[in-house]
Each structure stands twice: as structure tokens, then as C-alpha cells.
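Here is a walk through a two-chain model, from overall shape to single residues. Keep the structure open while you read.

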Amino acid sequence: MEFIILILAGVLFATAIYNLLQKQLLRLVIGSVLLSHGAHLFILTMGELKRGNPPILTDGVNDYSDPLPQALILTSIVISFGITSLLLVLAYRAANENNTDNMEQLRGNDNE
Amino acid sequence: MSNFAVLPIIIPLIAGIILAFFPKKLTLVRTLSKIFMIGNLAVVSYIAWNVFHHGSVILETGGWTAPYGIILIADELSILLILTTNIVAAACAFYAPYSLSDRKEQFYFYSFFFFLISGVSGAFLTGDLFNMFVFFEVLLMSSYALIVLGGDKVQLRESVKYVFINLFSSMLFVTAIAFIYGALGTVNMAQIAQRVQEVDQQGILTTVGILLFFVFATKAALFPLYYWMPNSYAVPNPVISALFGALLTKVGIYAIIRVFSLIFVHETELTHEVFIWIAGLSMLFGIFGALSTNNIKLIIAYNIIPAIGFILMGLGVFNQDALSGSIYYLVHDMLIKTSLFLLAGTIAYAAGTSDLRKFSGLIHYYPFLGWMLFVSAFVLAGIPPFSGFIGKLLLLKGALAGEEIAIVIIALLSSLLILYSVVKIFIKGFWGEKDESFKPKSIKGRTAPIVVLLALSIFMGIGAEFIYPTIESISAYLLDPENYINAVMKE
């Protein structure tokens, strides 16, 4: 189970990097979303994937799920959700103001 | 007393929320933000006094003891940096009304300003790696809002890049934390340090350490990860540039110092040796950038990179003198970079342009401004008796003791070039014939915050006797990770 999820996270990272290296602004946004998904899956896997175990440690129960990674992911998901929505607005405005969504033309020049 | 550790985070947070309720009433907002800033500065000074006299203030939130709960730890290093942060921020709060247009102020400038300070203080205070990520996000979120404030074409263009690079490094940060959690089963920095020590920092842990270094180096704008920084720091309003230049990159370098003096200290020939080279290259490339441009804001923004290089150099050498130098230089640089950014903003306002080729002879109209710039150039470059000199002296003394001759030569060379790059503004912009057609604008009120910051940095140089013992005790504390671990774990 962990192995499959790790490969999935790897695939997400790879597609994210591919998208981040593109020139179109929207693709960059998609790339950053995929990257955060990859990272979140990765945290989940680090806490061991188990089904049906309680996330608490009581006397006599040796088999329990680790609740911490889930708390970490929740925080991280909220943050990346917020940033993604901000990023979409920002990308929209930047593309509108500069009349292009091509990163090549958004490079900028020191001497303007 | 332990509850005091949370105040530097809570006070700006509450201030930001309160100010968000009536953004249009500018007189009230300005007055309130100044009052909050001074109040926060007073509280932080009180905590700092306590920390320096009675040792670290540690708060275990919710009463959960150390490795299980979230802890906030105000030790000497973090409280010193928070104190400096608040001084810098107070100067910016007093400068802001003159520099920002009413419209920009109405669009929640002061709220984001306080959230930024809250995030910076949190990043300095936290003793938990994941919380450090969260506070990084708090300060980055407010910086995203601040950098785009005004919504010019150029600003939008640069802020897109700024958001992307920071988002990318934040996600790598999360990945690195996942690695650490998977390998060591904890995110508490003291416990991580303890466990890394137990297993002698095996290969995988050094790799994770380098991944973390990559993350923080992106935020701190070190070679070769600085390319996003100069342009995006030069485009916003000067007061926002000053905040970014003084605080954001310094949070990154603080995180590097903390992690590589506490956690990954067992393979110094692998990690810290690399730092020295990165530091040298940052100094050279940063100063080349500063020399290559005629835009005064860009010159100052590029000057951040060599400064970060100097701070990293002390960590790379990793002995008592060098580390003291790093911390001294860190505090010195926060003060002087703010005053330089504010000065550059004032000059650009007075001259009507930030292009050095388009104005000269300002000294006839603004003699005081000119001489302030001249003194700041000397402070920045480290001419005795100013504060940069003490920092550099300690760094070079440490590097010589560590037999790192190459870095000493690079550091001395780049110091000279730093002096030239800033004095260039003075020579080209202030010298020259009096331009009779020039109509001087009033810069009243803008100079006061700069004078205070400059006076403080000069005091740091001349009054080094008073400050040095504190810095020395901080570096001694950092050199032995046991101090931090014992303070947190209470063994």
C-alpha cells in the first residue's frame, strides 16, 4: 500500500515539475497545485497507512494509527488552498494588465 | 512568565485584526498602528530584558509537555531578532504615511503589516519545525498581499514570480518535514536534534538537511537561488521593500542558523564546508549585480545578497568568533538595510526617478539626505567605527582561526565593492552642478525614522562594548546544541 502511494506521489511531483517548467501562466498554477498534492500524499505515507485502527493510544492497544500526519496535512491543505486561490486571481490580473500569459514575455528588464 | 513568549505573536495579530475593521479612517488607523507598534516594542523589550537576565522563556502550549505539545521558545537569539524586528517595523510604521498614497493605506496596508510582523516573530519563536512552516506561510501570505499593493503592471508581473518561487520552496519544506517525520518520528526541533545525535546523523539525514538548506536558501536569497529576489524587492513601495529586505530574507538565514547549529551538526565537513563556498559566491554575484545597475532601489536590493553571504560565512566556519560575527552582522544588517531602503525611497521621491542617469546635484537641495546616505554607505561596508566593522572583524577573525583564507580574501574584496556600489549613488546622484530648474519637494517627516535607525547602527558600532557580551553568550549557546535540548526537554 505505501509503495503504491509513494509512486503516485512521485508521479504527481514529476507532472508538477513538468507543468512548472512550461511558459503558460495557467499551467504553472496547475503545476503548483499538483506539487502540493504530491507533498500532502507524501506526508500521509510517512505516518504509515493503516486501516481500521483508532488514532489513540490506550492501555492494551498496541496497534494504533498515527494522528499527527493527518493534522499536518490538514493545516498544509488549508494553506495551499488559500495560496492557490490567491495565485489564480493574481495570475488573471497579471495576464490582463500585461496583455500576455507567456512567462517568456513577462521576464522584465532592469533598464525600463 | 512563560505565557509572555506568545505575546510578540499575539499583539500584532490582534492589532492587525482590529485595524481591518475601519480601513477608511486613515488618521485613526495611523495613530492606532503607531500605538500598537510602540506597545509591542515595549512588551518585547521587557521580555528581552527578562531573557537576558533570567534565561530562556519557554511556553508549552496547552500544558502539553515538551516533545508532545507545540512549544514556543524565546531564547537569547530569537528574542534579540524579534527586538530588532520590532525596532525596524516601528521605523517603517512611522515612515509609511509619508511614502504610501492614501489609497494604498486604505487597502489594509496596516493589517497586512501587522500580520507580517506576527509571522516573522512566530518563525523566530517556534521550537517546532512544522510550526515554522506555518509561520513562514503567515508571513508569506501577508507579503504576497503587500508586494502587489497598488497593482501596477510591473508589480503584478514580479509578484507572480515571487509567489511561485515561494510556493515551490514551501512545498519542498513540507516534503522535507515529511522525510524528517518518517525518519525520526517527531517534528519538535529539540527532539529531532536529540535523535539525530543518537544515530550520528547517517547519510539520509544529511540529505534531508541539505533539502532543508535548499528551502531556506531560496527564502534567504543565497547563490544560486537569488534570481527571484532583486526585481521583486525593488518594485513595491519603499516602505514595503524595506520590510521585506530587513525581515523576510533574514528569517530564512535565521532558520539556516538554527537548523545547522542545532540539528545537523555532526557532518560539518560535508555541510558547513559547502556553506563557505556558497557564501563566497553569494558575496561575489550579489555585488556584481549591484554594480551592474543604475536603479538605486535595485542597487540596495542586490546588496542584500552579499550580506546574507557574510552571515552564512560565519555559520560555515562554525567557531565562536565567526558565529558571533554572524549574529552581530545579522542584527546590524536588519537595521542598516531598512534605513538604506527608506533612504533610496526618499531619494527616488525627491528626484522623481530611481534611475541614477537621470538626476544629479541633489546635495544642493538635500544636504542632510546626502550625508545620511554617505554615512549609511560607510556603515554598510564596515568602515570603523561603525557596526558593520565589528561584525566583519569577528567574521574574519573566526575565518582566519579556521584557516579559511580564500573566503577572507573574497569577503574583503566584496566589502570594498559594496562600499563602491552605494557610494556610486552618492557620487552620481548628489555630486554635480546645481540644476536651477529643479523644484525640490518637501521630505519633512521622512528623515526622522531613518535618523533613528542610523543612530542605532552607529551605536552598535561605537557601543560594541555593551552589546558584544550578549552576542558572545548567544554564540556560545548556539555552539553547544545540548543547551537548547536541555532547555526544552528539561532533563
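With 491 residues, chain B would have a radius of gyration near 23 Å if it were a compact globule; its value is 22 Å, which agrees. The radius is taken over C-alpha atoms, and the globule rule is 2.2 Å times the number of residues to the power 0.38. This is a predicted model: local features need pLDDT of at least 70, side-chain atom pairs count only at pLDDT 80 or more, and totals for chains, interfaces and linings use all residues. Residues are numbered from 1 along each chain as its sequence is written, while chains are lettered from A and ligands numbered from 1 in the order in which they are written.

Stay with chain B. Its C-alpha trace spans about 75 × 55 × 45 Å along the principal axes. The chain holds 20 helices and two strands. Both kinds of element are DSSP runs, numbered from the N terminus: helices are H or I with at least four residues, strands are E with at least two. Of the 491 residues of chain B, 61% count as buried. Buried means that 20 or more other C-beta atoms lie within 10 Å of the residue's own; exposed means 12 or fewer, partly exposed is in between, and C-beta atoms are placed from the backbone. Among contacts in chain B with a separation of 6 or more, 81% join residues 24 or more positions apart. A contact here means C-beta atoms, placed from the backbone, within 7 Å.

Now turn to the core. Which residues touch the most other members of the largest nonpolar core? They are I177(B), I256(B) and L312(B), in a core of 221 residues. Such a core is a set of buried Ala, Val, Leu, Ile, Met, Phe, Trp, Tyr and Cys residues joined through C-beta atoms within 7 Å. Take I256(B). Leaving aside neighbours within four places in sequence, I256(B) is in contact with F213(B), F216(B), A220(B), L312(B) and L315(B).

M37(B) counts as buried because 25 other C-beta atoms lie within 10 Å. Beyond its neighbours within four places in sequence, M37(B) is in contact with A89(B), A90(B) and A93(B). Y329(B) is 292 residues from M37(B) in sequence, and their C-alpha atoms are 24 Å apart.

The strands come next. Strand β1 (residues 57–60) of chain B runs antiparallel to β2(B), and four bridges join them. Two strands pair if DSSP finds at least two bridges between them. V57(B) has A74(B) as its bridge partner in β2(B). L59(B) stands opposite L72(B). What covers differ between the faces? In β1(B), V57(B) and L59(B) form a covered face, while I58(B) and E60(B) form an uncovered one. In β2 (residues 71–74) of chain B, both faces are covered: I71(B) and I73(B) are buried on one side, L72(B) and A74(B) on the other.

UniProt, in an unreviewed entry, places the feature "domain: NADH:quinone oxidoreductase/Mrp antiporter transmembrane" at residues 127–417 of chain B. UniProt positions are given in the numbering used here, feature names are shortened, and annotations may be inferred rather than shown by experiment. Over residues 127–417 of chain B, the chain is 78% helix and 0% strand, with end C-alpha atoms 38 Å apart.

Chain A has another build. It has three helices and zero strands, in the pattern α-α-α. Its radius of gyration is 19 Å, well over the 13 Å that the globule rule gives for 112 residues, so chain A is more spread out than a compact globule. Its C-alpha atoms fill a box of roughly 70 × 25 × 20 Å along the principal axes. Buried residues make up 27% of chain A. The UniProt annotation "transmembrane region", from an unreviewed entry, covers residues 6–21, 28–47 and 67–92 of chain A. Residues 28–47 of chain A are 95% helix and 0% strand, with end C-alpha atoms 30 Å apart. For residues 67–92 of chain A, the figures are 96% helix, 0% strand and 38 Å.

Finally, the chains meet. In all, 26 residues of chain B are in contact with 26 residues of chain A. On the chain B side, α5 (129–147) and α6 (153–184) each supply at least two residues. α6(B) gives the most, with 16 residues.

Methods:
Two residues are in contact if their C-beta atoms, placed from the backbone, lie within 7 Å.
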